[in-house]
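Here's a quick briefing on one helix pair and a couple of residues. Have a look at the model first, then read on.

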Amino acid sequence: MATITTREPWLMENGTVKGLTKERHGKTLHNMSSSSLRKKSDMTLVSKVPISCLRLFLANLQEVILGTKLSILFPAIPLAIIAHYCNFGKPWVFAFSLIGLTPLAERISFLTEQITFYTGPTVGGLLNATCGNATELIIALFALWQRKVDVVKFSLLGSILSNLLLVLGTSLFCGGLANLHSEQKYDRKQADINTVLLLLSLLCHILPLMFRYAGDDTAYSPNDTLQLSRVSCIIMLVAYVAYLVFQLWTHREFFEAQEEEDDDLVSEEAPVLGFWSAFIWLAGMTVVIAVLSEYVVGTIEEASASWGISVSFISIILLPIVGNAAEHLDITLGVALGSATQIALFVVPVSVVFAWVLDINMNLDFNLLETGSLALSVLVTAFTLQDGTSHYMKGVVLLLCYVVISACFFVSNGSTTNQGNGLNLGLNSSFK
């Protein structure tokens with residue numbers, strides 16, 4: 001295995017030059033998802049700065065802030081803060097916060113990948129599993145803190161639908177156009193594992209809904225659905241831990257990206273940040289994501305009323321597009337399925353457990369319309385990927401499914417969601 005040794009001044013931490021090997025990187029498909037948005041930085045001027053601390057800071061600033069094609073969106077972050085403190089109106093705060101979250105989601109993926117260079121594939125994989133959907137998780141936790149259970153459910157459902165239909169559909173469509181007169185073939189092993197796990201998650205969502213409609217109304221107890229949901233979430237978390245073991249240890253070869261063994265590719269994979277620099281930037285951006293997520297959650301109802309768009313459409317369609325912006329421009333099959341699986345088996349159960357800790361009665365009953373959309377999306381995706389081949393028509397079908405679901409929630413003003421679910425409205429009186 002070729003060895004990468006770098007002596008760039010901005011990669012020095014505590015006066016020590018880092019020597020890295022490609023083997024230790026262990027890049028997976030998920031943390032490659034935003035590679036198409038990266039820009040190569042020219043460090044000619046930065047390298048001439050005589051003061052080492054200033055040189056390191058400027059180099060990091062150029063790599064982290066200007067090293068993405070989405071850097072043009074970063075000004076939305078201070079604008080959101082200004083709009084919040086100067087009382088410009090909550091719809092403006094919501095809009096700027098939503099725009100500002102887009103480049104942050106991509107940069108979290110980039111910084112996680114940089115840390116993976118130093119930690120190795122196992123620790124890096126665990127870190128990626130934690131930060132891979134940080135935006136969705138932070139928004140969900142802030143929404144729960146404000147007891148907006150429906151916003152949590154809508155946003156997490158929308159993230160799964162976005163990955164399965166929009167991201168995957170775009171990937172298959174673009175890949176089909178690039179290979180217009182031939183079928184693309186891929187290894188079904190990873191797709192099969194993710195599909196089975198998504199079906200397990202779907203079962204855990206359907207059972208509470210069926211439980212509500214199956215029995216006698218007089219014998220039905222909301223507490224029974226809540227307990228069933230919590231047990232199901234524990235089971236999903238167990239499945240997710242088993243999935244991590246399967247992915248990072250026992251069958252890692254199923255999930256590793258296919259990389260060419262040539263010197264040019266090896267040199268391209270050299271890290272551009274030191275370990276502590278990447279860690280500090282990761283922590284700082286996580287704090288900024290937390291601030292903007294709080295703004296988004298706190299202003300979503302006002303934005304909905306001002307724009308004349310239902311909260312369900314904003315939560316299910318707009319928020320997931322922001323969280324998955326980096327993945328929309330990538331054509332890797334494993335990215336969409338892996339992210340959907342991570343949200344379904346990790347982020348959703350963690351949200352329910354966090355609500356449990358806060359004594360909030362959040363269950364897995366996502367209502368008939370939402371659960372039906374999820375079930376059909378998982379089934380359509382499973383049938384699309386069953387033969388191990390791909391062409392643009394499959395992408396067209398997935399994208400049209402997403403358009404139909406988007407139209408459904410766009411024309412809905414929330415009455416469809418609220419009917420038959422007085423239980424959730426009673427649990428979340430603050431959400432109107």
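Which hand does the crossing of α6 and α11 have? The crossing is right-handed, meaning the near helix is turned clockwise from the far one by less than a right angle.

Before the details: this is a predicted model, where local features need pLDDT of at least 70, side-chain atom pairs count only at pLDDT 80 or more, and totals for chains, interfaces and linings use all residues. Residues are numbered from 1 along each chain as its sequence is written, and side-chain values use heavy atoms, with hydrogens and water left out.

**The helix pair**
- Helix α6 (residues 134–145) packs on helix α11 (residues 275–307) at about 50°, and their axes are 9 Å apart.
- On the α6 side, T135, I138, I139, F142 and A143 make the contact (heavy atoms within 4.5 Å).
- From α11 come T286, I289, A290, S293, E294 and V297.
- Sorted by class, this contact has seven nonpolar, three polar and one charged residues.

**A283**
- A283 also sits in helix α11, and is partly exposed at 38% relative accessibility (the class between 20% and 50%, with a 1.4 Å probe and protein chains only).
- I108 is 175 residues from A283 in sequence, yet their C-alpha atoms are 9.4 Å apart.

**T381**
- T381 lies in helix α15 (residues 368–384) and is buried, at 2% relative accessible area (buried means under 20%).
- Its side chain reaches the backbone oxygen of S377 at 2.8 Å.
- Beyond neighbours within four places in sequence, T381 touches L164, L165, L168, L337 and L398.

Technical notes
Axes are lines fitted to C-alpha atoms, for helices over the stretch in contact, and angles run from 0 to 180 degrees between N-to-C directions. Helices (H or I, at least four residues) and strands (E, at least two) are DSSP runs, numbered from the N terminus. Ala, Val, Leu, Ile, Met, Phe, Trp, Tyr, Cys and Pro count as nonpolar, Asp, Glu, Lys and Arg as charged, and the others, Gly among them, as polar. A polar contact is a pair of N or O atoms within 3.5 Å; within protein, one must be able to donate a hydrogen and the other to accept it, and residues adjacent in sequence count only if both atoms are side-chain atoms.
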